[in-house]
Amino acid sequence: MSTVDSQQRVLSGMRPTGKLHLGHLHGVLKNWIKLQHEYECLFFVADWHALTTHYNDPLVIEENVLDMVMDWLAVGVNPGSATIFIQSKVPEHAELQLLLSMMTPLGWLERVPSYKDQQEKLREKDLETYGFLGYPLLQAADILIYRAGWVPVGADQVAHVELTREVARRFNHLYGREPGFETLAESAVKKMGKKASRMYSQLRVAYQEQGDQEALMKAQALLKEQQNISLGDRERLYGYLEGSGKMILAEPQSLLTPASKMPGLDGQKMSKSYDNVIALREPLDQVQKKISTMPTDPARVRLTDPGEPEKCPVWQLHTTYSDEATREWVCDGCRNAKIGCLECKKPVIDAVIAELEPIQKEAAQYEKDPDVVKSIVAEGCEVARDKAKETLQEVRQAMGLSYW
Ligand code: TRP
Ligand code: SF4
């Protein structure tokens, strides 16, 4: 797969540190399911990442890896369209992180906002570790090793993708200048055929001499169309176009996942650390119980007390689960004290159960036959590994490690 095609490649990872819940479903997984139809997708279990914060609690990780993949499959992540794998089964990620660490300024890692933030937030954990400091670079390696063009992440991770871009740029700058680059690039130009070669050269001049952005874009589009050039040549041509060396690592972009509007049972963001979640595998009678006992607008002590949906966490669930007519019924019924809170919760309970029931049925199938899941993952790991090896080989070569 070439750099150009990989601009259509999506990569994302999730840490296996707990049971998945409705927040994951509405925030991340539904987005993945949509993306898998639009791009070539790689989704992985970030078990090494989990160790950066859970190094003294490794069993948590072990327990959650398989369950997490089962949940992905149960909600509709399709191994026919997406590659599903486990980070630690593709050790190439670690080698790339090591190699990148040689040229990554320490300050870049110390300045990543999540570094200090998380240390503050997770005070109970000792995060003064080398692994934790280096974790954004591991993430950069995860992304760069597949030359992913798009990385779906939440707002808190955008800085990591930005770091990834900077690392790629620095890498290309340092190591993209292979000996004889100009000659190799010129001969790659010729290999495109007469017409395309001439166009490429003209557009390149227009960009380099007049800074013509449109010419740059046209030339990139032209390269994208070329079927018969090798990966190496293609990268040379991209680099030659912009006046840099060979482009070995591709700069990714973040694909910002809209913040999940899924509230937890207390109206805060749904999160394990707030203990306000409905797990995807939550027994359905418990779902009913949890929602039934959710707090509501405190003004509604008695049925005859009017309330205000905006002050009620149940209302937020209605905004996710209910249609217009039901929402109107809620607003009117609440503000004019026409309905009781339990009555108001009923459609939400029904909707959540209707959403979870088929997911749980699917998950139960996989639980009965975990080998199916393991073989899906094994296959994904193999596919991922092949792609990772391709990049790593070029990186080794660029860094002078391909002797003998
Ligand atoms: N760091 C991400 C998180 O904590 C998980 C992750 C690891 C990831 N590697 C990635 C996400 C690469 C996107 C791309 O949620
Ligand atoms: Fe909340 Fe509905 Fe009760 Fe109003 S009627 S307070 S929206 S649960």
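Predicted model: local features only at pLDDT ≥ 70, side-chain atom pairs only at ≥ 80, totals over all residues.
**Stop 1: the ligand shell**

Select ligand 1 and the residues around it. The shell holds 14 residues. Arg15, Phe44, Gln139, Asp142 and Gln157 are the closest. Colour the shell by class: 7 residues are nonpolar, 5 are polar and 2 are charged.

Now show the secondary structure. Which elements each supply at least two residues of the shell? They are strand E1 (9–14), helix H9 (135–144) and strand E4 (150–153). H9 gives the largest share, with 4 residues.

**Stop 2**

- Arg15: a polar side-chain atom sits 2.8 Å from an oxygen atom of the ligand.
- Asp142: a side-chain N or O atom is 2.8 Å from a nitrogen atom of the ligand.
- Tyr135: a polar side-chain atom lies 3.4 Å from a nitrogen atom of the ligand.

On its own, ligand 1 has 360 Å² of accessible area, and the protein covers 88% of that.

**Stop 3: helices H18 and H19**

Two packed helices are described by the angle between their axes and the distance between the axes. Select residues 341–368 for H18 and 370–398 for H19. Their axes come within 4 Å and cross at roughly 90 degrees. An angle of 65 to 115 degrees counts as roughly perpendicular, so H18 and H19 are roughly perpendicular to each other.

Show the side chains at the contact. H18 brings Tyr366, Glu367 and Lys368. H19 brings Pro370, Val372 and Val373. By class, this contact has 4 nonpolar residues, no polar ones and 2 charged ones.

**Stop 4: helices H12 and H14**

Move to residues 194–210, helix H12, and residues 231–242, helix H14. At what angle do the axes cross? They cross at roughly 40 degrees and come within 8 Å.

From H12, pick Tyr200, Arg204, Tyr207 and Gln208. From H14, pick Leu237, Tyr240, Leu241 and Glu242. These contact residues divide into 5 nonpolar, 1 polar and 2 charged.

**Stop 5: Glu178**

Where does Glu178 lie? It is in the loop between helix H10 (158–175) and helix H11 (181–191). Leaving aside residues up to four places away in sequence, Glu178 touches Leu184, Arg236 and Lys246.

Finally, draw a line back to Tyr135, one of the side chains from Stop 2.

Terms used. Residues numbered from 1 in each chain as written. Chains lettered and ligands numbered in written order. Heavy atoms only, no water. Near = heavy atom within 4 Å. Polar contact = N/O pair within 3.5 Å; in protein donor to acceptor, adjacent residues only side chain to side chain. Areas by Shrake-Rupley, 256 points an atom, 1.4 Å probe, with all protein chains shown as cover. Nonpolar A, V, L, I, M, F, W, Y, C, P; charged D, E, K, R; others polar. Axes fitted to C-alpha atoms, helices over the stretch in contact; angles between N-to-C directions. Parallel < 35°, antiparallel > 145°, perpendicular 65-115°, else oblique. Contact = heavy atoms within 4.5 Å.
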